[in-house]
Each structure stands twice: as C-alpha cells, then as structure tokens.
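Hello,

Here is the structure I promised to pass on. My notes follow below it.

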Amino acid sequence: MVKNYYKIGFLLFLSLLIYSRSPYIFNYGRFFSLDLTYHFEIEALNLINSLFFVDYSARYLNIISNISSIISSRFFDLENSQYVAVYLSLIIYLIIILKVLYEESRLFSNQIQKYIFSTLIILTPVMSFEIWLNAINLQVYLGLLAIIILFSNPGQSKKIINYFLLILCGLSGVYSCALTPLFLLNFLRLKSKYNFICFFILFMCSIIQLSLIYISTITNEIGSSNTALILDFSKYETISFVYNTVIRAFFGSSFPKFIFDIFGLNLDKISANESLKDLLFFISLFVSIILIFLIIWAFKTFKKLEDRAVFTYLILIFSILSFVVIIGGVSDSLHGRYSALPGIIIVLIVLYVASNSKKIFLKNLSIVFLCCSLFFGFYDYRLKKYLVYFDCINCPDWKMEVKKYKNDKSYMPNAWPYHIDR
C-alpha cells in the first residue's frame, strides 16, 4: 500500500515535470509541422480512408497521426482542434511510464531502477524538443513502448492491452516493426502463446509497412525525388550520429556547444573544412571503439545467463534502430527524431550495467553517466535556444487564423513555426 502511494506521488511529479516544459502548449494547444496539413487532408476523406491515409513522401503508414487528425477534424471545431495531438501525446507518454512502473519487466530488478528510467524518458536530452507533444513524432515514443513490451511479463488481463498497443506501434511507423526479429527470438526462447501473438502482430505490421515503402519507392514521383533511400554512410553522418546519439544522450546540447565555442567551432565550419571534418570523424571512430570495448567488458561481467540475454537484446535493439535511422534519414544530419530511440537505448544500456554489473568500476562509471544525463537533461529541458518549440514566440494568433479561414476557405491558416533558427 505504501509503495502505491510512492508510485502515485512519483506519477504526479513526472506529470508536473512534463507540464513545466511547455505550459503554453498544454494551455493553448498546438499544430506542429505537418499536423495541420494532415488535419485538412484527412477531414476530406471517409473514415476508412482517413484511418489508413499514407503520405507517400514519408513512405509508411502512421496510424497514430491519422487517429489524431480524425479526432481533431471530426469531433472538434478548428479553433479547439489543436489540443488533440498535444493530449494524445500526453496519454502515450503516461502509458509508457505506467508500464515501466507497474509491470514486471526483465529490464528492472527493483522499483528504484523504474523510477530512474521513467525520469530519464522525460529528462534525457536525446528525447529532443522536435518530438515533444506532437502526433507525427509519436511513432518514436511508440517504438519505445514496443521495446518496453518486449521485455515485460504482463498478467493475463494486460496481455490483451499489449496486443492492441503493439498493433498501434506497428502501424505507426517502422521503428516498432524493426523489432520483429527480437519478438521472434523471444518466442523461440520462451515458447509461449503470448510471445507468438506479439511476434505475429509485428510481423503482419511489417509486411504492410514494407509493402508501402516498396510501392512508394518505385513510383516515378518518389523515385526521382531527394527522398530516395540512401545506403552510404558519410564522414559527416558518422560525426552526427555519434554526437547526437551518444554524446547528447549524456551531455545534452549546451555543454558540447560550450566546448565547441571555446575552439570557435560550429556546424558551418565543420561542413566547410575537410581537415576539421576528418579530425572529428576520427574522434567519432575513437568514441565508437571505446563504446564497443566497454560493451564487451560489461557483457563479460554478467554472471547470470538472463542478464547476458537481456544485455544482448539491448545491443541488438540499438544496432537495428541505428541501421534504420541511418538509411532512413533525409540528410547527413542524424539529429532530433532520428537520434532519439538509439539514444534512449544507449541510456537504458548504461542503466542496466549500473544495476547488474559486478564490476565496481563499470557500475560507478555508469552511475556517473546517468547522473550526467539527468543533470544536463534538466539543464537543457527548456533551453533558451529552443524555447520557440515550447512557447508561442512570434507565432500567429490561432483564433485570428481560424477566423480568416472561415471567412475564406482558400486561405491556409498559419500554424506553429517549425524549424526556426535551426
């Protein structure tokens, strides 16, 4: 009973933490990026077509975004419809946190670890401003939800809920579908009906998503555009991946920027200077080698077979998701939504080492990195540079935009600014 009070109090704390990042968005709502475009497109479709609407420039079905647009366009007046994506996002965040806190999981051996990871989901710098409280990027959080389900050991009543959630995850982008081989491995190891159904759900979702990707890729319009899948991995992409996925996961944006400023570095200089790019490329390779060495060392310190199995799963998840974002990125800069899931898995790997490794040095080193992630995450939580994503700074008056639209249906309302001062 006392533990439940602790959990409820902790949930209230996290809810206040979520609200404090962007009070304006919760109070006044927001259409972000393509949310408004999809709102109008889906409004003109029937229910079935709107539910399975596909933006072929994105290539895949994003059903959670479609659900948000269906609700906002059919059940709310335009003046209030901007709240839907915000509060739908909040519901998904809370579902993830509730599953971490209340479900038995192979990832966590005690409640303290669950409290730490729940806080990291909200605070860690790699869960960036770009994916915060918008329906389009909910696919990232649903990918994390699928990972939580992969390791969970739910009671009978919660298994049905997990099936539904996995369908939602699998039909909302490719991150969850990429985990299908691990759900198959889960079934082969544990040989339960529950694990087979979980695998089968994601397998069918993967068939749907891969079919859509194939169809959209071979069409002349998409095939001739700059959205074609690119399989090469450039020097700058290596630098960007290591920085945004590994470095930012623990040190945020402000601390590395402080270091860069000391040496007079910025993105433009790095892009234009081949010698500098080569230096940072080799530093990135060095960081990667150190990371691989620490992972191998950590693996050897685990004595229990189950600890080794879970750790192996986490490494495979990181590798698979990294591959997905590398080939799926629209540019050489793997930031924001592209680095979020691999980055949070790196954080989870470090938490697992801190919790289960028998090597004192590795345990203490992991704890230091976790403290850095929490500290710099809190420091960068409302970083001044990115307040335009959280507060209404020079954004249009939404009520006036709606009024203009109602007076002239050819007028497209201006929504929240996107990628300002990037």
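Start with helices α13 and α19, which are roughly perpendicular to each other (65 to 115 degrees; under 35 would be roughly parallel, over 145 roughly antiparallel, the rest oblique). α13 covers residues 235–251 and α19 covers residues 360–379. They pack at about 75°, with axes 6 Å apart. Axes are lines fitted to C-alpha atoms over the stretch in contact, and angles run from 0 to 180 degrees between N-to-C directions. Ala 249, Phe 250 and Phe 251 of α13 meet Phe 369, Cys 372, Ser 373 and Phe 376 of α19 (contact: heavy atoms within 4.5 Å). By class, that contact has 6 nonpolar residues, 1 polar and no charged.

The model is predicted: local features need pLDDT of at least 70, side-chain atom pairs need 80 or more, and totals for chains, interfaces and linings use all residues. Numbering runs from 1 along each chain as its sequence is written, and side-chain values use heavy atoms, without hydrogens or water. Helices are DSSP runs (H or I, at least four residues), numbered from the N terminus.

Next, α10 (residues 180–190). Its buried residues are Thr 180, Leu 182, Phe 183 and Asn 186 (buried: under 20% relative accessible area, exposed over 50%, partly exposed in between; 1.4 Å probe, protein chains only). They span an arc of only 165° around the axis, so they sit on the same side of α10. The arc uses directions from the helix axis to the C-beta atoms. Their cover includes α8, α9, α11 and α17. Lys 191 follows α10, with a positive phi near 50°.

Last, Ser 211 lies in α11. Ser 211 is partly exposed, at 35%.

Best wishes

Methods: Helices (H or I, at least four residues) and strands (E, at least two) are DSSP runs, numbered from the N terminus. Ala, Val, Leu, Ile, Met, Phe, Trp, Tyr, Cys and Pro count as nonpolar, Asp, Glu, Lys and Arg as charged, and the others, Gly among them, as polar.
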